[in-house]
Amino acid sequence: AVYGDLLPGERVRLHATYARLLADGVEGAGAAELAYHCLQSHDLAGALSASMLAAAEAAELHAPAEALRNLEQALQLWHAVPDAAERAGCDLISVGLRAASAAASAGELHRAIALAAAARDLADREAPGSRQAASTRHKLALHLLGADRPEEAYEATAEALEMLPERPLTPTRVWSAATRGRTAVNLDRDDE
């Protein structure tokens with residue numbers, strides 16, 4: 001009731017106070033709570049950092065839906081925070097792939113595919129033909145297989161393998177080749 005009576009500016013200041021106290025280390029408070037108060041106080045940089053921490057905490061607790069929620073919040077905040085990569089400890093493509101993985105673990109296969117495809121598209125714009133662009137295709141293929149879309153997975157692994165040199169062998173090349181082989185087996189079964 002008291003919160004409802006506060007004026008908007010007072011609410012922002014109240015959330016900023018809570019965020020400051022939580023950042024100072026209030027016992028029992030998690031990063032998700034800090035992210036919420038940072039967001040409500042319009043501290044977008046703090047909300048991004050806390051969202052990434054909250055996603056990591058959720059992943060450690062095997063709570064993929066919560067990890068996904070926090071990673072998607074980080075994705076939403078990314079372009080509003082000038083030093084987002086430094087605050088997140090990784091680039092936007094990596095955040096997108098982590099979100100895709102969390103979505104798959106939460107049983108949201110179509111969301112996982114959409115997030116992995118967005119990461120692939122971003123990698124193609126920022127670093128076309130790179131190992132990272134190939135890696136996004138491999139991860140997309142895994143999500144496509146999980147959603148029983150082997151033809152598209154086969155195509156994604158073919159693209160990944162075309163981007164990677166044959167030597168030296170890299171983990172991405174080996175995993176892409178293995179995924180392609182697994183996909184081919186699934187396609188052969190479908191033809192029978």
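Guide: A crossing of two helices is left-handed if the near helix is turned anticlockwise from the far one by less than a right angle. The model discussed here is predicted.

Visitor: Which hand does the crossing of H3 and H4 have?

Guide: The crossing of H3 and H4 is left-handed. Helix H3 covers residues 31–40 and helix H4 residues 44–60, and their axes come within 7 Å.

Visitor: Why are H3 and H4 called roughly antiparallel to each other?

Guide: Their axes cross at roughly 160°. Angles over 145 degrees count as roughly antiparallel, and H3 and H4 are therefore described in that way.

Visitor: Which residues make the contact of H3 with H4?

Guide: From H3 come Ala31, Ala32, Leu34, Ala35, Cys38 and Leu39. From H4 come Leu44, Gly46, Ala47, Ala50, Ser51, Leu53, Ala54 and Glu57. By class, this contact holds 11 nonpolar, 2 polar and 1 charged residues.

Visitor: What makes H4 and H5 roughly antiparallel to each other?

Guide: H4 packs against helix H5, residues 64–77, at an angle of about 155°, with the axes 8 Å apart. The cut-off is again over 145 degrees, so H4 and H5 are roughly antiparallel. Their crossing is left-handed.

Visitor: Which residues of H4 and H5 meet?

Guide: On the H4 side they are Leu44, Ala47, Leu48, Ser51, Met52, Ala54, Ala55, Ala58 and Ala59. On the H5 side they are Glu66, Ala67, Asn70, Leu71, Gln73, Ala74 and Leu77. The classes in this contact are 12 nonpolar, 3 polar and 1 charged.

Visitor: Why is Arg180 called partly exposed?

Guide: Arg180 has a relative accessible area of 22%. Buried means under 20% and exposed means over 50%, with partly exposed in between; Arg180 is therefore partly exposed.

Visitor: Where does Arg180 lie, and which residues does Arg180 contact beyond its neighbours within four places in sequence?

Guide: Arg180 lies in helix H11, residues 171–191. Beyond those neighbours, Arg180 is in contact with Tyr154, Thr157, Ala158 and Leu161. The C-alpha atoms of Arg180 and Ala153 are separated by 7.6 Å, although these residues are 27 apart along the chain.

Visitor: How many helices and strands does the protein chain have?

Guide: The chain has 11 helices and 0 strands. Of its 192 residues, 39% are buried. Its accessible surface comes to about 10,700 Å², and 54% of this belongs to carbon and sulfur atoms.

Visitor: Among contacts between residues at least 6 apart in sequence, what share joins residues at least 24 apart?

Guide: That share is 53% in the protein chain.

Technical notes
Residues numbered from 1 in each chain as written. Predicted model: local features only at pLDDT ≥ 70, side-chain atom pairs only at ≥ 80, totals over all residues. Heavy atoms only, no water. Axes fitted to C-alpha atoms, helices over the stretch in contact; angles between N-to-C directions. Helix = DSSP H or I, 4+ residues; strand = E, 2+ residues; numbered from the N terminus. Parallel < 35°, antiparallel > 145°, perpendicular 65-115°, else oblique. Contact = heavy atoms within 4.5 Å. Nonpolar A, V, L, I, M, F, W, Y, C, P; charged D, E, K, R; others polar. Buried < 20%, exposed > 50% of the residue type's maximum accessible area, 1.4 Å probe, protein only. Areas by Shrake-Rupley, 256 points an atom, 1.4 Å probe, with all protein chains shown as cover.
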